[in-house]
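Dear colleague,

I am handing over the structure we spoke about, and below it you will find what I noted while going through it. Please keep it open beside you as you read.

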Amino acid sequence: MVLFDSLRYRRGALLVLLVLATACQRAPYTATAHFVPTTSQGVSKTQAEDPVIAALIAPYHDKVTAQMTEVLGQAPTEIRKNPGESPLGNFVADLQRTRASQALGQPVALGVMTNGGLRSALPAGPVTMGNIFELMPFENEIVVLDAPGPVVQQLFDYAARIKMGISGATYTVTFDGMPKDIKIGDQLFDVNQERLWPIAISDYLASGGDNMVFFKSITPRHTNILLRNAIADHIRLLTKEGKPVEGKVDGRVKAN
Amino acid sequence: MNRRSFLRNSVLGTAGLTALGSLATTAAVAGVAKAPIKLTILHTNDVHSRIEPFPEGSGQWAGMGGAARRAALIKEIRAKEANVLLLDSGDVFQGTPYFNFFGGELEYKLMSQMGYDATTLGNHDFDNGLEGLQRQLPHANFPFLIANYDFSKTALAGRFQPYKVFEKQGVRIGVFGLGIELAGLVSERNFGETVYLDPVETARKMVTQLRGPERCDLVICLSHLGYKFDNSPNKIHDLKLAAEVAGIDLILGGHTHTFLEKPEAIEGPGGHKTLINQVGWSGINLGRLDYEFAPGSKRPGLAGAAVVPVRDVC
């Protein structure tokens, strides 16, 4: 406290002196930096680890490693993603629709997943949690959009241009890239029908991602389920039921 | 003029001379030659759950970073320097499975163990919502400084503070925090009833408080506003903040993951110079600025600054 008081006293003395001597020094905090030879050290490549911190990390590291290497199921063949109707796209869009329907306790007519949203294929053989993280590194949530006829039409227009599959529906792409014979469930789609079609989709796409701007105006219903967890849960369920992990192109998109 | 020569010319060239002049005067007035008080500021931003170094084969940053190495480096510096402040500018969360699995628990534990003095909130620190953030707070033994988010209508009311004053050998250092606008960046249900307040107005209030009643000798802003946004002229960022608000000595920035080679000096209203620094992301670097406070004046003089890369052991 003695030191502190004397410092404060000296500052007062300095201020008086400065005000008398140089008016420009009166500003409360002019930068008064002066560079002396730098005292900072560059860290060489020999930077060692702090053992306390390393020990704190170790059990977490082991848990992460164990979880990432956990085998969730077996894929007889690689589940690829490719332009047009894709095995991986169908696989994810389908499980997304099923899961959303369970979460909301009501039928969900359609499921949408773009190729861009899926970051890598599922390799043949054991499918690990690490694979699911590579496929879906984002914290995307499954949401449900209640879309009127014209928005559903825009979705199929978008899908037809790239021959993308949509879960819960079949359609045919015309020679000029337009959708026709759209069936949702068993029903022929009628754009003018006064109703809403629930669509299971990621919150990323629902907010207009991948240029799905036509969804932006619809307020999503939340499921609070992360898409990544939904994928992992689905694969675990398949394994429990003794089923392999498979994604198939089943002709939900027909091209003329 | 490039940034480095701007810094030299403006800070070293003109102000440097007056600083040396006043040092001499002070010594004469005091009649005693005392060693200046030194303050070392270490800082990180956007560490993004990078607990371990980037794995080998992961591209540009492979082998860089890692909490255990950063901790050792901080310890080495603390062993040599009497007055160290260790600060972070937000986005502690999100980026590796450690966050997905443990929700930020390990990140806060490590920061506590390393002796962080304060952090602010980044947009990704809301990624598990207000509840997710609240759940991890017991793992943090350091304060969260955030002046422009009003949490009073949320479950986190009273959990954060706008600023904190640190005292080192009688030198008072005021640190306050500023966060980026959450709407449009963070999903609404994740920030709930948190109210975003204008950063410029808030910063002015903070400076008034810290320079006035709190009698601070150095004012530092932990900012998660971002270094600059070229394509959004109306968006606030650190360069603009420094130019519009008088009296901030140092802005430790984040959000834009900007690698600044040297702190950048910006002249604000009244000619006060504000230094801005940001050291990339993921703990690839540890920022370091050394200040000297001349006896009697207690005015800060920046002695040196460096970006300290956290590298692989070879």
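Predicted model: local features only at pLDDT ≥ 70, side-chain atom pairs only at ≥ 80, totals over all residues.

The four strands under discussion form an open sheet in chain B, in the order 2-1-11-12, and their pairing is mixed. Strand 2 (84–88) and strand 12 (300–309) of chain B stand at the edges, and because each has a single partner strand, one side of each is left without a neighbour in the sheet. On average, and with direction ignored, neighbouring strands of this sheet are turned by 20 degrees against each other. If you look at strand 1 of chain B, residues 37–44, you will see that it pairs with strand 2 of chain B in the parallel sense, over five bridges; within chain B, Thr40(B) stands opposite Val84(B), which belongs to strand 2.

Next come the cavities, of which the structure holds three of 30 Å³ or more. The second largest cavity contains about 90 Å³ of space, and the residues that line it include Ala67(B), Arg70(B), Asp88(B), Glu107(B), Leu110(B), Met111(B) and Met114(B). Helix 2 and helix 4 (105–114) of chain B are the elements that give two or more residues to this lining, and helix 4 of chain B provides the largest share, four residues.

In chain A, a question to consider is this: is Ile132(A) buried or exposed? Ile132(A) is found in helix 4 of chain A, residues 129–135, and it counts as buried because its relative accessibility is 0%, where the cut-off for buried is under 20%. Leaving aside the neighbours within four places in sequence, Ile132(A) is in contact with Leu72(A), Leu122(A), Val127(A), Arg228(A), Ile231(A), Ala232(A) and Ile235(A). Ile132(A) and Thr69(A) are 63 residues apart in sequence, while their C-alpha atoms are 11 Å apart in space.

Finally, an unreviewed UniProt entry carries the annotation "domain: 5'-Nucleotidase C-terminal" for residues 76–215 of chain A. Over residues 76–215 of chain A, the chain is 31% helix and 24% strand, and the end C-alpha atoms are 36 Å apart.

With best wishes

Definitions and conventions:
Residues numbered from 1 in each chain as written. Chains lettered and ligands numbered in written order. Heavy atoms only, no water. UniProt positions renumbered as here; feature names shortened; annotations may be inferred. Pairing = 2+ DSSP bridges. Axes fitted to C-alpha atoms, helices over the stretch in contact; angles between N-to-C directions. Buried < 20%, exposed > 50% of the residue type's maximum accessible area, 1.4 Å probe, protein only. Contact = heavy atoms within 4.5 Å. 1 Å grid on protein atoms, 1.4 Å probe; cavity = no way out; pocket = protein on both sides within 12 Å on 5 of 7 lines; lining within 4 Å. Points joined across faces, edges and corners; volume = space filled by probe spheres on them.
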